[in-house]
Amino acid sequence: DISDIKITMEESYKALDTLLKDDATFKQVVEAVFESIDTDKSGSIDIKEIEVFINSVCKEMGIGQAPDKAAIETVFKELDTDKSNSIDKEELGKFLRTLFEEQKKQLEASMKKQIHFSLISSEYSLEQHTFPWFHHQIFLLKK
């Protein structure tokens, strides 16, 4: 289970960097994520499937209260760039690329802060982090 894998921020950064540079691997990730959300196997994702997926991710991450319907509708509308009331693989791929690029930037900033902090405190050690998909997006929904 991907949510059980713990890796350091540096390893996460390298994995995201590789994923974003390797189109074939990125496409496989998009396919896997799409298939896990498209539960009715229709070839597109509707708002109900997004809601079920987000609630599932929240539960896996131990977030007690999932985002409300209005927040889920907002996310869906952002993903549905062609306004077809469904999300296709291309739309999901664009979202995932943006999400992974943002996570990479945040990891890079965190690593720079840790390097600065480790220069100040020799007792500081790199903390392990869980790298669940959509962590950042779910966090934003809770705000």
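Residues are classed as buried under 20% relative accessible area, as exposed over 50%, and as partly exposed in between, with a 1.4 Å probe and protein chains only. By this criterion, 36% of the 143 residues of the protein count as buried. The structure is a predicted model, in which local features need pLDDT of at least 70 and side-chain atom pairs count only at pLDDT 80 or more, while totals for chains, interfaces and linings use all residues. Numbering starts from 1 along each chain as its sequence is written, and side-chain values use heavy atoms, with hydrogens and water left out.

The protein contains six helices and two strands, taken as DSSP runs (helices H or I, at least four residues; strands E, at least two) and numbered from the N terminus. Along the sequence these elements follow the pattern β-α-α-α-α-α-β-α. With contact defined as heavy atoms within 4.5 Å, 69% of the contacts between residues at least 6 apart in sequence join residues at least 24 apart.

Helix α1 (residues 9–21) has 13 residues, and its end C-alpha atoms are 18 Å apart, in agreement with the 18 Å that it should span at 1.5 Å a residue. The expected span is 1.5 Å times one less than the number of residues in the helix. Met9, Ser12, Tyr13, Leu16, Asp17, Leu19 and Leu20 are the buried residues of α1. These residues lie on the same side of α1 because they cover an arc of only 165° around its axis, the arc being that of the directions from the helix axis to the C-beta atoms.

Helix α2 (residues 23–37) comprises 15 residues and reaches 21 Å from its first C-alpha to its last, close to the expected 21 Å. Its buried residues include Phe26, Val29, Val30, Val33, Phe34 and Ile37. They cover an arc of only 130° around the axis and are therefore on the same side of α2. Lys27 and Gln28 are exposed on the other side of α2. In general, an α-helix has 3.6 residues a turn, so residues three or four places apart point the same way.

Helices α3 (residues 47–60) and α4 (residues 69–79) pack at an angle of about 120°, with their axes 10 Å apart. Axes are lines fitted to C-alpha atoms, for helices over the stretch in contact, and angles run from 0 to 180 degrees between N-to-C directions. The contact involves Ile47, Ile50, Glu51, Ile54 and Asn55 of α3, together with Lys69, Ile72, Glu73, Phe76 and Leu79 of α4. By class, six of the residues in this contact are nonpolar, one is polar and three are charged; Ala, Val, Leu, Ile, Met, Phe, Trp, Tyr, Cys and Pro count as nonpolar, Asp, Glu, Lys and Arg as charged, and the others, Gly among them, as polar.

Isoleucine 50, located in α3, is buried, with a relative accessible area of 3%. Residues up to four places away in sequence not being counted, isoleucine 50 touches Ile37, Ile45, Ile72, Phe76, Leu79 and Ile87. Its C-alpha atom is separated by 9.9 Å from that of serine 86, 36 residues apart along the chain.

The loop between α4 and α5 (89–120) includes lysine 83, a residue other than glycine with a positive phi near 60°. Lysine 83 counts as exposed because its relative accessibility is 61%. Asparagine 85 is found in the loop between α4 and α5 and has a positive phi of about 65° although it is not a glycine. At 60% relative accessibility, asparagine 85 counts as exposed.
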